[in-house]
Amino acid sequence: MTTKYRNTLLLATLAIIAAAYASCKVSIPKGASAVKPFNKDKYLGTWYEIARMDFKFEKNLKNVTATYSKNDDGSIKVDNKGYDMVKNKWKQSIGKAKFVKSDDEARLKVSFFGPFYAGYNVIDIDRDYQYALIAGNNLDYLWILSRTRYIPDAVKADYLRKANDLGYQTKDLVWTVQDKE
């Protein structure tokens with residue numbers, strides 16, 4: 001093996017390791033803070049997506065739900081489903097979430113693709129765990145969730161104000177169609 005080939009191989013390996021490490025790093029948008037104390041058991045169950053910042057994995061989806069349950073290893077199973085209106089079929093993604101620090105702080109990292117994680121930060125939730133505002137790693141990802149297919153106008157207005165204050169472009173939100181009975 002030549003020195004040049006060995007050095008190239010070493011650099012390529014280091015680049016792959018660095019990329020994998022960087023992909024596992026999760027953050028929270030500047031100015032946002034995760035809910036603490038957080039009751040993970042009250043958060044488990046099914047949530048309906050009310051609104052989202054659109055991105056390729058949820059493009060053209062309606063009737064989107066996220067169901068959270070405990071895995072045997074202490075992580076949380078994430079089961080996302082939605083109906084693709086263009087392909088006329090259901091789409092499902094199953095992943096896992098782990099707490100970034102402790103399980104009483106609503107900062108999680110979620111993975112649907114092996115070692116690659118993204119931030120999932122519950123930045124607001126009502127006392128009864130019926131409505132939640134979720135921030136991703138940055139201002140490109142935001143979700144409004146509800147235990148039912150609808151959200152009261154007052155909660156919606158409060159979450160939109162909070163998101164705007166953090167710098168989200170809430171005019172870009174996609175309001176999820178929830179018409180499945």
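Predicted model: local features only at pLDDT ≥ 70, side-chain atom pairs only at ≥ 80, totals over all residues.
Residues are numbered from 1 along each chain as its sequence is written, and side-chain values use heavy atoms, with hydrogens and water left out.

The secondary structure comes to three helices and nine strands, which are DSSP runs numbered from the N terminus (helices H or I, at least four residues; strands E, at least two). Along the sequence they follow the pattern α-α-β-β-β-β-β-β-β-β-α-β. Of the 181 residues, 40% count as buried, where buried is under 20% relative accessible area, exposed is over 50%, and partly exposed lies in between (1.4 Å probe, protein chains only).

Let me turn to helix H3, residues 153-166, which has 14 residues and reaches 20 Å from its first C-alpha to its last, close to the 20 Å expected at 1.5 Å a residue; the expected span is 1.5 Å times one less than the number of residues. Which residues of H3 are buried? They are Val155, Tyr159, Leu160, Ala163 and Leu166, and, seen down the axis of H3, the buried residues fall within an arc of 130°, so they line one face of the helix; the arc is that of the directions from the helix axis to the C-beta atoms. The face turned away from that buried side carries the exposed residues Asp153, Ala154 and Asp165. What covers the buried residues of H3 includes strands S6 (116-125), S7 (131-135), S8 (142-146) and S9 (173-175).

Strand S6 also holds Tyr117, which is buried at a relative accessible area of 12%. The C-alpha atoms of Tyr117 and Lys25 are separated by 7.1 Å, although these residues are 92 apart along the chain.

Finally, the largest pocket has a volume of about 840 Å³. Of the 34 residues that line this pocket, the closest to its centre are Phe55, Phe57, Asn80, Phe112 and Trp143. A pocket here is an open set of points on a 1 Å grid over the protein atoms alone, where a 1.4 Å probe fits, with protein on both sides within 12 Å along at least five of seven lines, and lining residues have an atom within 4 Å of a point.

Methods
Contact = heavy atoms within 4.5 Å. Points joined across faces, edges and corners; volume = space filled by probe spheres on them.
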